[in-house]
Amino acid sequence: QVQLVESGGGLVQVGGSLTLSCAASGRTFSTLAMGWFRQAPGKEREFVARFRQSGNTSYAESVKGRFTISRVNAENTVYLQMNSLKPEDAAVYYCAAGTAFTNNAAAYDYWGQGTQVTISF
C-alpha cells in the first residue's frame with residue numbers, strides 16, 4: 001500500500017505560480033512512477049505530468065513549458081511547480097503512483113485526496 005498526501009493548492013492570480021507537493025509513504029518511493037492529474041468541474045480527469053523511476057518526465061501539451069515535475073527520493077516527495085498559470089489550469093490536482101509510466105489514469109494504483117487550485121483574475 002502507498003499513501004499519498006498532496007498539499008500546496010490555493011488561490012493564485014492569473015500569471016502567478018504555485019508549487020504542489022505530494023508526500024508518499026508505505027513503499028519504496030524510488031520504485032514508483034509518479035504522476036499528476038487534474039479534474040475541473042464537469043470535466044474528466046486529465047493527465048498533467050509524470051515522472052518515471054529512471055528520471056524521465058512527460059507533460060501534457062497544455063502545460064509544457066509552464067509546469068515542472070520533480071521528485072526528491074530522500075524526501076519521498078514529488079513536486080509540481082506551476083508557472084504562468086491560466087484560468088484553464090483551475091482544477092483539483094491529484095497525485096498518483098504506480099509502476100507503469102503512462103498518461104492513463106486507470107493504470108495508476110494509488111491516489112491522493114486532491115488539492116484545489118483556484119485561479120483569479
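Residues are numbered from 1 along each chain as its sequence is written, and side-chain values use heavy atoms, with hydrogens and water left out. Because this is a predicted model, local features need pLDDT of at least 70 and side-chain atom pairs count only at pLDDT 80 or more, while totals for chains, interfaces and linings use all residues.

Let's start with strand β1, residues 3-7. Helices (H or I, at least four residues) and strands (E, at least two) are DSSP runs, numbered from the N terminus. Leu4 and Glu6 make up the covered face of β1, and Gln3, Val5 and Ser7 sit on the uncovered one. The partner here is strand β3 (residues 18-25), which runs antiparallel to β1 and is joined to it by 5 bridges; two strands pair if DSSP finds at least two bridges between them. Follow Glu6 across and you land opposite Cys22 in β3.

Cys22 lies in strand β3 and Cys95 in strand β9 (residues 91-98), so the pair ties together parts that are 73 residues apart in sequence. The torsion about the S-S bond is about -80°, so this disulfide is left-handed. Both Cys22 and Cys95 are buried, and buried means under 20% relative accessible area, exposed over 50%, and partly exposed in between (1.4 Å probe, protein chains only). The count by this rule is 1 disulfide.

Now for the charges. The whole structure has 4 salt bridges, each a side-chain nitrogen of Lys or Arg within 4 Å of a carboxyl oxygen of Asp or Glu. Asp89 pairs with Arg38, with the closest N and O atoms 2.9 Å apart. Asp89 lies in the loop between β8 (77-82) and β9, and Arg38 in strand β4 (residues 33-39), so this pair ties together parts that are 51 residues apart in sequence. Asp89 also meets Arg66 in a salt bridge (2.7 Å, N to O). Arg66 lies in the loop between β6 (57-59) and β7 (67-72), so here the parts tied together are 23 residues apart in sequence.

How accessible are these side chains? Asp89 is buried at 0%, Arg38 is buried at 5%, and Arg66 is buried at 10%. Arg38, Glu46, Arg66 and Asp89 are linked in a network of salt bridges.

Definitions and conventions
Disulfide = S-S within 2.5 Å.
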